[in-house]
Amino acid sequence: MESMPEIQHPAQAQDQAQVQDQDPAQDPAQDRWTEVDRYFTDHLVPADDALEATLASSDAAGLIPMNVAPNQGKLLHLLARIQGARTVLEIGTLGGYSTIWLARALPSDGRLVSLEADPAAADVARANLARAGLGSVAEVRTGAALDTLPLLAAEGAGPFDLVFIDADKPNNPHYLEWALKLTRPGSVIIGDNVVRDGAVVNPASTDPRVRGTRAMIEMMAGHPKLSATALQTVGSKGYDGFVLARVVA
Ligand code: SAH
Ligand code: DHB
Ligand code: MG
């Protein structure tokens with residue numbers, strides 16, 4: 001297992017993300033991946049006023065569009081449904097796009113808690129959840145997740161049936177630790193963006209996001225409480241992937 005990276009503060013992580021995300025090389029097949037995503041989305045993921053308004057208001061507020069693609073959002077929704085989830089924890093809300101997909105999978109007495117460091121994004125997300133009629137099911141908590149997770153645990157929140165980890169990647173191993181504390185046998189843990197154009201295979205990477213993701217994957221690999229797999233994906237968001245784990249004990 002790799003040693004855990006230092007805990008990073010959101011501003012720091014964001015600075016690095018912005019520097020390292022400049023001018024990403026575009027794969028020659030990107031147009032085809034986008035077209036195929038459009039085909040599947042047009043057929044299987046019908047347009048929806050609340051979701052469209054969420055993307056529009058996120059854009060208007062200047063949020064960087066890091067939301068899951070529509071077909072990925074529906075995958076999260078279906079996984080939560082298949083799981084029979086009544087409670088969901090999300091780490092990394094942005095404008096609430098994935099939050100809406102997940103919250104819509106819950107029964108009316110279900111509960112979703114989403115953690116967001118950026119107060120402006122959290123405000124946008126709350127408005128979007130209210131517009132989607134999910135204000136009583138989904139709650140956005142502002143603050144660095146490593147500050148709000150202990151508070152959540154101290155309240156006795158959880159166990160959550162599904163956890164979606166999608167915030168600052170350097171802290172992924174820490175988020176996995178908290179996810180394990182806040183789940184039960186049978187819970188599902190999903191981690192986004194674990195491939196990043198293949199960067200994940202580089203053990204010598206100095207990118208703290210790659211190091212954080214590798215540390216999370218390697219924690220899962222050796223973990224007696226987890227059974228996990230990971231998939232590479234291509235689509236409108238490029239070449240990336242996600243990890244899916246079930247808490248088994
Ligand atoms: N899940 C969203 C996208 C999240 S983007 C969707 O698919 O629609 C990642 C989010 O994590 C950003 O909004 C960013 O502000 C937030 N973030 C970054 N560092 C964080 C931290 N330390 N704690 C909580 N949220 C953080
Ligand atoms: C980034 C973060 C995400 O959660 C995502 O889905 C895509 C990109 C980023 O930090 O660049
Ligand atoms: Mg993501």
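## Contacts, cores and a magnesium site in a predicted model

Outside the four places on either side in sequence, L63 touches S58, L94, G95, D118, A121 and V124. This description concerns a predicted model. L63 sits in the loop between helix 3 and helix 4. With a relative accessibility of 11%, L63 counts as buried, because buried means under 20%. Between L63 and V188, which are 125 residues apart along the chain, the C-alpha distance is 28 Å.

P46 is placed in the loop between helix 2 and helix 3, and S108 in the loop between helix 5 and strand 2 (111–116). P46 is exposed, at a relative accessible area of 59%. S108 is exposed as well, with a value of 74%. P46 and Q232 are 186 residues apart along the chain, and their C-alpha atoms are separated by 24 Å. For S108 and A157, 49 residues apart in sequence, the C-alpha to C-alpha distance is 18 Å.

P46 is also a contact of T41, which touches P46, P70 and N71 when residues up to four places away in sequence are not counted. T41 belongs to helix 2 (residues 30–44). Is T41 buried or exposed? T41 is buried, with a relative accessible area of 14%.

The table sets out the relative accessible areas of residues discussed in this report.

| Residue | State | Relative accessible area |
|---|---|---|
| L63 | buried | 11% |
| T41 | buried | 14% |
| D166 | buried | 14% |
| D192 | buried | 8% |
| P46 | exposed | 59% |
| S108 | exposed | 74% |

**The magnesium site**

Which residues coordinate the magnesium ion (ligand 3)? The donors are D166 (OD), D192 (OD) and N193 (OD1), at 2.0 to 2.1 Å. Along the sequence these donor residues follow the spacing D-x25-D-N. D166 and D192 link distant parts of the chain, 26 residues apart. D166 lies in the loop between strand 4 (162–165) and helix 8 (172–181), while D192 is in strand 5 (residues 188–192). D166 is buried at 14% relative accessible area, and D192 is buried at 8%.

In soluble globular proteins, nonpolar side chains tend to be buried together. The largest nonpolar core here has 29 residues, of which V88, L102, L112, L162, F164 and I190 touch the most other members. Two or more residues of this core come from each of helix 3 (49–60), helix 4 (70–83), helix 5 (97–103), helix 6 (119–131), strand 3 (138–142), strand 4 and strand 5. Helix 5 provides the largest share, five residues.

Apart from neighbours within four places in sequence, I190 is in contact with L76, L79, L162, V163, F164, I165, F242, V243 and L244. A second, separate core holds 28 residues, among them I91, A145, V194 and M216.

**Pocket and cavity**

The second largest pocket has a volume of about 290 Å³. Its lining consists of 21 residues, and those nearest the centre are Q72, L75, D192, T233 and F242. Which element gives the most to the lining of the second largest pocket? Helix 4 does, with five residues. By type, the lining of the second largest pocket divides into nine nonpolar, eight polar and four charged residues.

The structure also holds one cavity of 30 Å³ or more. The largest cavity contains about 50 Å³ of space. Its lining is formed by K169, N193, V194, V195, R196, A199, V200, R209, V210 and T213. Five residues of this lining are nonpolar, two are polar and three are charged.

Notes:
Residues are numbered from 1 along each chain as its sequence is written. Chains are lettered from A and ligands numbered from 1 in the order in which they are written. This is a predicted model: local features need pLDDT of at least 70, side-chain atom pairs count only at pLDDT 80 or more; totals for chains, interfaces and linings use all residues. Side-chain values use heavy atoms; hydrogens and water are left out. Donors are N, O and S atoms within 2.8 Å of the metal (3.2 Å for Na, K and Ca); water is not among the atoms, so sites may look incomplete. Helices (H or I, at least four residues) and strands (E, at least two) are DSSP runs, numbered from the N terminus. Buried means under 20% relative accessible area, exposed over 50%, partly exposed in between (1.4 Å probe, protein chains only). A nonpolar core is a set of buried Ala, Val, Leu, Ile, Met, Phe, Trp, Tyr and Cys residues joined through side-chain atoms within 4.5 Å. Contact means heavy atoms within 4.5 Å. On a 1 Å grid over the protein atoms alone, a cavity is a set of points where a 1.4 Å probe fits but cannot get out, and a pocket is an open set with protein on both sides within 12 Å along at least five of seven lines; lining residues have an atom within 4 Å of a point. Grid points are joined across faces, edges and corners, and a volume is the space filled by probe spheres set on the points. Ala, Val, Leu, Ile, Met, Phe, Trp, Tyr, Cys and Pro count as nonpolar, Asp, Glu, Lys and Arg as charged, and the others, Gly among them, as polar.
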